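The following exercises ask the reader to study one protein model step by step. Each task is followed by a worked solution.

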Amino acid sequence: MEKDTENQARPTLAGEVKQEVKAHLFHNAGFLRIDYFTLFWIFVAGCVFGLVVETVFHAIVYGGYESRAGLVWGPFSPIYGTGAVVLTVSLNRFYHSHNLVIFLIAMVVGSAIEYATSWVMEYFWGAVAWNYDGTFGSIDGRTNFAFGVMWGMLGLVWVRIVIPSLKRVFSHVDAKQALARVVTAGMSVFLVVDISVTVLALDREGQRAAGVPATTAEQKFFDEYFPDSFMQARFQNMSVYGKG
């Protein structure tokens, strides 16, 4: 009788997993406080950190410098900024989990971001920045196993090293101070303009590749200030063919 009671009280594996997930999602405030100020500066840090890592990686593996910037102005690569924000939100509650859990979550999330970015670029502007066709674990040429592993490793570095460092920095900054608000607001406006101009410049580059002449003031503006020579020098890893 006592043995039956013990068996009934012992949770199943599925039950233990369910309890673990519920504990993380509903009873864990997370390592970082999530608000606009925190996420915005994590985005900025991710843009810069990712650009530096990718530039160094390219120099070591392929040799020589290549511009890996993702926006027309500044040292920013928004795919990594987005990745940093998504990884932070996704892993914030799993900070105390096993490294393998963090690695797998970062691998899946990062690969999804890479796939989505590649699809959006090709669908809207006919632009291709990478193609992994023929490589191990390739998914439509937009991501593959090796880069998924890199995203997993990046997630580990981000959670174990970068986020604690950011937390220490944030602990010395009062987000409610006037100076912090002014700087954050000013940088937010700059990045909105930077991203908007980049999107429009890529759109016009795609139009030029498709043979669309400049007939509007907007098209003439981008032809003058963001011609193919500028775009190709700025985005050296990207080829724009235009939408078919």
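Helices of at least four residues and strands of at least two are taken from DSSP runs and numbered from the N terminus. The model under study is a predicted one.

**Exercise 1. Survey the chain.**
State how many helices and strands the protein chain has, and in which order they run.

*Solution.* 
Step 1. The secondary structure of the protein chain consists of nine helices and two strands.
Step 2. Read from the N terminus, the order of elements is α-α-α-α-α-β-α-α-α-α-β.
Step 3. The protein chain has 244 residues, and buried residues account for 39% of them.
Step 4. Of the contacts between residues at least 6 apart in sequence, 72% join residues at least 24 apart.

**Exercise 2. Compare helix lengths with expectation.**

*Solution.* 
Step 1. Gly 63 follows H3 and has a positive phi, near 85°. Gly 126 follows H5, and its phi is also positive, near 65°.

**Exercise 3. Describe the packing of H4 against H5.**
Give the angle and distance between the axes of H4 and H5, and identify the residues that make the contact.

*Solution.* 
Step 1. Two packed helices are described by the angle between their axes and the distance between the axes.
Step 2. H4 (residues 78–91) and H5 (residues 99–125) pack at an angle of about 145°, and their axes are 10 Å apart.
Step 3. The crossing of H4 past H5 is right-handed.
Step 4. On the H4 side, the contact is made by Ile 79, Thr 82, Gly 83, Val 86, Leu 87, Ser 90 and Leu 91. On the H5 side, Ile 102, Ile 105, Ala 106, Val 109, Ile 113, Glu 114 and Thr 117 take part.
Step 5. Sorted by class, this contact of H4 with H5 has nine nonpolar, four polar and one charged residues.
Step 6. Among the buried residues of H5 are Ile 102, Ala 106, Val 109, Ile 113 and Glu 114. The cover over the buried residues of H5 includes H4, strand E1, H6, H7 and strand E2.

**Exercise 4. Examine the core.**
Which members of the largest nonpolar core touch the most other members?

*Solution.* 
Step 1. The largest nonpolar core has 50 residues, and those touching the most other members are Ile 42, Phe 76, Trp 158, Leu 191, Phe 226 and Met 238.
Step 2. The elements giving two or more residues to this core are H3, H4, H5, H6 and H7.
Step 3. Beyond its neighbours within four places in sequence, Met 238 is in contact with Met 121, Ala 127, Val 128, Ala 129 and Leu 202.

**Exercise 5. Classify two residues.**
Are Ser 188 and Val 128 buried or partly exposed?

*Solution.* 
Step 1. Buried means under 20% relative accessible area, and exposed means over 50%.
Step 2. Ser 188, in helix H7, counts as buried because its relative accessibility is 11%.
Step 3. Val 128, in strand E1, counts as partly exposed because its relative accessibility is 27%.
Step 4. Val 128 and Asn 237 are 109 residues apart in sequence, yet their C-alpha atoms are 8.5 Å apart in space.

Key. Residues numbered from 1 in each chain as written. Predicted model: local features only at pLDDT ≥ 70, side-chain atom pairs only at ≥ 80, totals over all residues. Heavy atoms only, no water. Axes fitted to C-alpha atoms, helices over the stretch in contact; angles between N-to-C directions. Left-handed = near helix turned anticlockwise from the far one by under 90°. Contact = heavy atoms within 4.5 Å. Nonpolar A, V, L, I, M, F, W, Y, C, P; charged D, E, K, R; others polar. Core = buried A, V, L, I, M, F, W, Y, C linked by side-chain atoms within 4.5 Å. Buried < 20%, exposed > 50% of the residue type's maximum accessible area, 1.4 Å probe, protein only.
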